[in-house]
Amino acid sequence: MKYDVCIIGSGAGAGPVIYELAQAGFNVLVLEKGPWFKTEHFTKDDMVATRRAIYTPAFKDEFHVLETKDADGNWKAVPTHESRTDFWNGSAVGGSSNFMSAYFHRLKPNDFRLLSEYGNIQDGNMVDWPITYNDLEPYYTKVEHVVGVSGAVVPHKHLEPRSTPDYPFPPLVTNRISDWFTAAGAKKGYNVIPAARGIISLPKGDRNACYLSNYCGSFGCSSDGKSSSRAALINDALKTGNVEIRPDSKVFHLETNEKNEIIKAWYYDLAGLKNSVEATLFVVAAQAVETSRLLLMSKNPSSPNGLANNAGNVGKNLIFSAVATGSGFIHFDDFPAEKIAEINNPMTFVNRTLVDFYEIDDSQSGKKIKGGIIDFLIEHSNPMPKAVKNKKDGDRLVYGSEFKTKLHTYFTTRKKVRFEAFTDWIPNDNCYVTLDPEQKDKWGDPVARIRLGYHESNKIPGEFLAGISKEILTEMGARDVSGAVSTGPTVNLQAGGCRFGNDPKTTVLTKDCRAHEVPNLYVTDGSFMPTGGSVPYTFTIYANAFRVAEKIIDQLKSKL
Amino acid sequence: MAQFSDNIDNLEHWQTNRRQVIKAAILTGTLSQLSFLQACTANQLTEEGNDLLDANQVGILKSVMEILFPNDGNGPGIDDLHAFEYIMWVLHDTGSYEKYRNLAIEGITWADEQTQKNQQKNYLELSQAEREQAVAHFNETDYGTEWLSIILTYILEALLLDPIYGGNPDGIGWKWLNHTPGYPQATEELRYENILKTVRAAYPKTES
């Protein structure tokens, strides 16, 4: 059987394509590396989600090699099975969107023209996008309605243009500490506003609303309230009868003909046997690192350096989110009992954000530079990470009655308030994906080797936003307030590697996310993004995938 | 005397068979918490050793656990948490990180060697005060800190993971820390060793 479309991956970059093509009547095959968890398989079991990390591959089976700079400035490569640094996010039907926290911020118009607006940065590869915010706006709106986004639009100076006045789902119920963040911001002159979430607050079709389990990020959702690709799109797409999902199917090669068209996708099944499928069009959406890896692995006579890589751009300009994080503690004995009663409950949603500094005046350069957003939150509910952190006091292991007192005090007398500030990860020549020349996965294929070059200029807006955040936490009355820029990659927020653009010499994909060199290959995960914006990527990945789905349908119709 | 010897022989024979059962279960990956506890009574685990630890090692491990997380009137102690039984399951669980499992066991022998070297006594011959001093001394070395840290993490798992894994009976650890667990909680079908089997059994039948 020859399918109309074979889609590799099933996360946020794949779901809209699966959904739209199925609705349009095309037969769709989805090859997903991970297993197919259904809603009823998700529990709030810390052993499954974090201690044994069942939602990601075991280190012995699949891993990465990470290149980071050592103290002498030399690049050092270490396999993740040695460092125990997990670079996976969720290997399952629906991908990591099953396990996301789902902070859904739109990009702003300036994010589409960073080079024009702010100029290049030395040793940075800033560019403008080949599309504008206006091109993507209808698809953000579509995501809000079809996938499901809750929140409340309020005016602020960086509010992006919207074709609808508000989100289709009202804001989720939050811990009342949200009001503390808002009030503290107001006292300091900052406009702390509601944050939108990719979580529905009312039922939608077969999906139930969020039931406030308080175990959200890192856990699958038991009501389908979280707007994962699986719950929000794939389940509905399956109802058309036009979609076949093959879980546990790891694609390792895309075979082309003499015209450099893909004719087959080769994959390993659960038993490790090699299989192949034929399709008219192929869509790769395996998350940025693995998408580049698959293309690089797919060497053919017409593409000896890997598929769509004759110009040598696949894997280049990988980006993450540049972040600054920090925290403080609200001590219960610092406040009247009635105030603490407002916040001392299991409710973990805060959903407050500060967007005032999406653009900032840099005191050093005297220019306007790109800033970012700050999300405010409280510590996740699952207790193991909190408890493990309490084992150490500096480098000293704390144990015995001292440890028990510390642990009990931590859990029962305070609440940890946190911030996460997001800014642009400046694309640069030292952040990219290649194939490791030695290390192999369980199938004998080369693993992705990722050089994690961090641009020092990322720190400027990060430190600025960390300072604002600490002011707000201090104003709230938090103690032990701290925060700093992190120079490491955000494993769960990865993009780039297959930039889209108009020049086939410098980009991998056209502005429609079709490969310049391969007429029947589309890439619809975050790989297309040449710059990332100062927000988490998932909302934009969903929106762009809806946009590209229309282009794919147009191409398929033209072949009929 | 003869009768005692017979009993010892029988006991050893019984233990040998039991160890073979457990080892076979480990090799085939079928040793869940339930079957592990059915295979090993608490008495066998604590006093007579088992397939991984001899009686001396069991004694040392239990003593160190009690020092790391004492029954001091502030919340549950390790017996309340079934922490020893939990750790024995982890040490048999091939899904847990092998390096830490090995280090957890090797550290017990290392601890005994340390007290033999420093105090000229086996660990179990030390008084309680001497044992506490010895553990403090272990914590002054990199190896000792890493070993103690692993054991303490296992104790925390017995304190805070779902009771289905053998620790935290009736949520005693959660109650102590005023923690509200998430819902739905783990089930036997969906516990970590079984979940992928359960998930794959639910796949729709498709033609390939």
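Trainee: Is H4(B) mostly covered or mostly open?
Mentor: H4(B) is mostly covered, with 10 of its 14 residues buried. Buried means under 20% relative accessible area, with exposed over 50% and partly exposed in between (1.4 Å probe, protein chains only). Keep in mind that this is a predicted model: local features need pLDDT of at least 70, side-chain atom pairs count only at pLDDT 80 or more, and totals for chains, interfaces and linings use all residues. Side-chain values use heavy atoms, without hydrogens and water, residues are numbered from 1 along each chain as its sequence is written, and chains are lettered from A and ligands numbered from 1 in the order in which they are written.

Trainee: Which residues of H4(B) are buried?
Mentor: Among them are Gln57(B), Val58(B), Ile60(B), Leu61(B) and Lys62(B).

Trainee: And how far does that helix reach?
Mentor: Helix H4 of chain B covers residues 55-68 and reaches 20 Å from its first C-alpha to its last, close to the 20 Å expected at 1.5 Å a residue. The expected span is 1.5 Å times one less than the number of residues. Helices (H or I, at least four residues) and strands (E, at least two) are DSSP runs, numbered from the N terminus.

Trainee: What caps its N-terminal end?
Mentor: Asp54(B) does, with a side-chain oxygen 3.1 Å from the backbone nitrogen of Asn56(B).

Trainee: New topic. Where does Arg162(A) lie?
Mentor: In the loop between helix H5 (133-148) and helix H6 (177-187) of chain A.

Trainee: Buried or exposed?
Mentor: Arg162(A) is buried, with a relative accessible area of 18%.

Trainee: What does the side chain of Arg162(A) make a polar contact with?
Mentor: With the side chain of Glu144(A), at 2.8 Å. A polar contact is a pair of N or O atoms within 3.5 Å; within protein, one must be able to donate a hydrogen and the other to accept it, and residues adjacent in sequence count only if both atoms are side-chain atoms. The Arg162(A) side chain also reaches the backbone oxygen of Asp166(A) at 3.4 Å.

Trainee: Now H7(A). Why is helix H7 of chain A largely enclosed?
Mentor: Because seven of its 10 residues, in the run 229-238, are buried. They include Ser229(A), Arg230(A) and Leu233(A).

Trainee: What covers the buried residues of H7(A)?
Mentor: The cover includes helix H1 (15-23), H5, strand E6 (243-246) and helix H13 (538-559) of chain A.

Notes:
Contact means heavy atoms within 4.5 Å.
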